[in-house]
Amino acid sequence: MNKNQKKYQYNWIFICVLIVIELLNEIGEAIFSSVHLFSYTSIFVLLCPLTVFFSTLKVMKKTTKELMENKQKLKNIFDTFDTAIWSHDLITDTLLITPGIEKLYGYSLDDFYHDQSLWEKVIFPEDLPVIAERKRKIALGETVTSEYRIIRPDGEVRWILDRGFPTFDQKGKFVDFNSVLFDITDRKESEERYRSLVEMSPDIIAVTSGGVIDYINETGSKLVGAKNPDEIIGRAVLDFVPPEIFNMFKVKENVLDRNDKKIRHEFQVKRIDGQTIDVEMTATTILIEGRLAKQIVGRDISERKKAEKTIQTMAFYDTLTGLPNRNKFKKHLNKVLNRNGTKCLAVMFLDLDRFKIINDTKGHTVGDLILQKVANRLENSVQQEGLVSRQGGDEFIIVLEELKKERVIEIAKRILEDFSIPFHINGQEFFVTPSIGISLYPSDGQDEEMLIKHADTAMYKAKELGNNYQFYSTAFNGNSDRKMEIENRLRKAFEQEKLELYYQPQIELKTGKVVGIEALIRWHDSKFGFVSPSEFIPLAEETGLIVPLGKWIIRKACEQMSAWQKAGLQAVLIAVNISVRQFQDDHLIDYISEILDQVGLEGRFLELEITESIMQNIEQSTIILNQLKEIGVLLSVDDFGTGYSSLSYLKHLPIDKIKIDKSFVDDILYHSNQGMMVKTIIDMGNNLQFTVIAEGIETEEQVQFLRDNHCEVGQGYFYSKPVPAKEMAEYIRKKSGVSLG
């Protein structure tokens, strides 16, 4: 008799027992109903043992019924899940397998009863070592949980979780084995997909808990100099992360739990070899196996940080002399002026006499060497009493803090004395003397712009008088009167619509195609003639006139572009400058949206050029910029690199383009510089996926340099100076071959 037959025999015996119990129960009830035939004594004698007997039968019947019901419930549960139970009594060699194994393996119950080793024969060949290890542990009496793959009859591969429980008697003999099997294919495939994404990710992905690294992917381990993740897993987070960063994440953990927010931070990670790298990481709290942990996603930003530092350095320091440049100087001067307790200071504006002659006759190489020696000599003359900066060309500015006029004169004379000694270059002597203009705070001005302007005015007077240094005097010019008159006449010109927009094309450098047009405000006054925007725009900002003036510029530019498009002009954008004062106007968004609707111009054809200074209020600026993007307007950062720039903020703003300031484009022509700043800005812009525009292009050499370094768009006098609308229409007609009606 085989095991299958034994199983069926046991089932028949169980049924027969139930039948016998049922018959005895019926007999008992018949006897009980006839008890009136006996005497009371006989009834009592007979009733006692029979009552006990029949009560026992009823309990057995009820228990058997409940057992059958529970068995059916258990069967239903097992049938619901992809689960099977394998039970093998090794003493009687009795095997019991639940029907769920058919669903798991795709074979019938009979197949397993006929071939008890079938479960092992269908194991995926690569997983046989798992089975060997499983058998070894079971032989030692251990409970074993194994994961392996099987091959079903139809060729499908499924994952099985097999938890085995061996039983040994008191003599240590293996007497019984039970195993519960689950289909975990969906879970394993999901894990594999996740694991592939994590392991192949170029980003750092890690999990930490209790200050320990529980997991890190291959990218993360290599980042810190490990050969593989096993070298890192289990180590303390503080081995790699600075304590202040670790504590910051720890303090904010409760906030994360409540609000489900992420923490993003940039910091330096310490590698195994002791070196540090810059990383940007985002942490969020997650649950793993019922406990809180942190999931970390990050990336190496060392190259970006180096580039950002390079840009910051080049934006604030002169690449030729190493001195602070005009941006750094203005920032420093404003800081001093805004500092409480500043009582007096002096600004010196220096221009080198006869330098242009030397530079033109001996070449830029000699000229650059002289400028470097001039910078060193000025620093030696001023020493610790002031800050020396180079403004560009042969112009230098010095600020002297908390010095009386007598001491300022002593320093000016010392500079002149030091420059009486010739410069020796390539065996030749060169005499270069400075003309120095000096303005004093607070008598000659209370802000950096006025102090520099008055020092500049005094310098020209010193050059004119041949006095070498000269203090500013109001008698030098009627600047204050002119400023007041310019302001008044500007208001009238605006009211009488005597201002005009000029247009300058933006050219795709590779093709020469016009891709945009910048609108620029121009003013020709009947008394002062052509007034430079650099003179009247600051006045407009100072007086608040810039807000209505800016709205007028936007309207006129949009109307002109709409008219050009209707007349057949190729679809290009119109760019308009927006000042910080305009940007703070609460009605700016509504006004622009209204103008676009009125003139019938799509938002994508309007580009607003903003300055980096808007990032001084990054939260408010982000809201406004996103609102502008919602109406389709393009955004560019004008004069990039000359103002308040922070790439860590800029990369999160909805910016489309950055414009390289003309001063940096000019540097392309200096052999000592070789356009390093321009190249760096282009590389950074491309990496951040911004379109890069170079403005102020004047030579073919600059165009070629910009092309070679993958700058996309340029504008400047090389292509066209700003011209009235009619001339710009003619320019585009020639470029595109389209006739404008």
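**Sheets, helix pairs and selected residues of a predicted chain**

Tryptophan 86 stands opposite serine 179 in β5, and this pair belongs to the antiparallel pairing of strand β1 (residues 83-89) with strand β5 (residues 174-183), which extends over 7 bridges. The model is predicted, so that local features need pLDDT of at least 70 and side-chain atom pairs count only at pLDDT 80 or more, while totals for chains, interfaces and linings use all residues. Residues are numbered from 1 along each chain as its sequence is written, and side-chain values use heavy atoms, with hydrogens and water left out.

The secondary structure of the chain comes to 27 helices and 26 strands, where helices (H or I, at least four residues) and strands (E, at least two) are DSSP runs numbered from the N terminus. Of the 741 residues in the chain, 44% are buried; buried stands for a relative accessible area under 20%, exposed for one over 50%, and partly exposed for values in between, with a 1.4 Å probe and protein chains only. Among contacts between residues at least 6 apart in sequence, 59% join residues at least 24 apart, a contact being defined by heavy atoms within 4.5 Å.

Strands β1 and β5 are part of an open sheet of 5 strands in the order β2-β1-β5-β4-β3, with antiparallel pairing; two strands are said to pair if DSSP finds at least two bridges between them.

Another open sheet is formed by 5 strands in the order β7-β6-β10-β9-β8, with antiparallel pairing. Its edge strands are β7 (212-216) and β8 (263-270), each pairing on one side only, and neighbouring strands are turned by 35° against each other on average, direction ignored. Within this sheet, strand β9 (residues 276-288) and strand β10 (residues 291-300) run antiparallel and are joined by 10 bridges, and leucine 287 has leucine 292 in β10 as its bridge partner. Helix α11 (residues 302-316) packs on the sheet, where it touches β8, β9 and β10, and its direction makes about 130° with that of β9.

Parallel pairing is found around strand β24 (residues 657-660). Strand β23 (residues 634-640) and β24 pair in the parallel sense over 3 bridges, with serine 636 opposite lysine 657 in β24. On β24 and strand β25 (residues 691-695), the parallel pairing extends over 4 bridges, and the bridge partner of lysine 659 in β25 is isoleucine 693. In a regular strand the side chains alternate between the two faces of the sheet.

Two packed helices are described by the angle between their axes and the distance between the axes. Helix α14 (residues 364-382) and helix α15 (residues 405-418) pack at an angle of about 140°, with their axes 9 Å apart, and are therefore oblique to each other; angles under 35 degrees count as roughly parallel, over 145 as roughly antiparallel, 65 to 115 as roughly perpendicular and the rest as oblique. In their contact, Arg377, Leu378, Ser381 and Val382 in α14 meet Arg414, Ile415 and Asp418 in α15. The axes of helix α19 (residues 546-566) and helix α21 (residues 588-599) come within 10 Å and cross at roughly 25°, which makes α19 roughly parallel to α21.

Two single residues complete the description. Leucine 352, found in strand β11 (residues 345-353), is buried, with a relative accessible area of 4%. Residues touched by leucine 352, not counting those up to four places away in sequence, include Leu371, Val374, Phe396 and Phe419. Glutamine 620, found in helix α22 (residues 618-630), is partly exposed, with a relative accessible area of 40%.

Notes
Axes fitted to C-alpha atoms, helices over the stretch in contact; angles between N-to-C directions.
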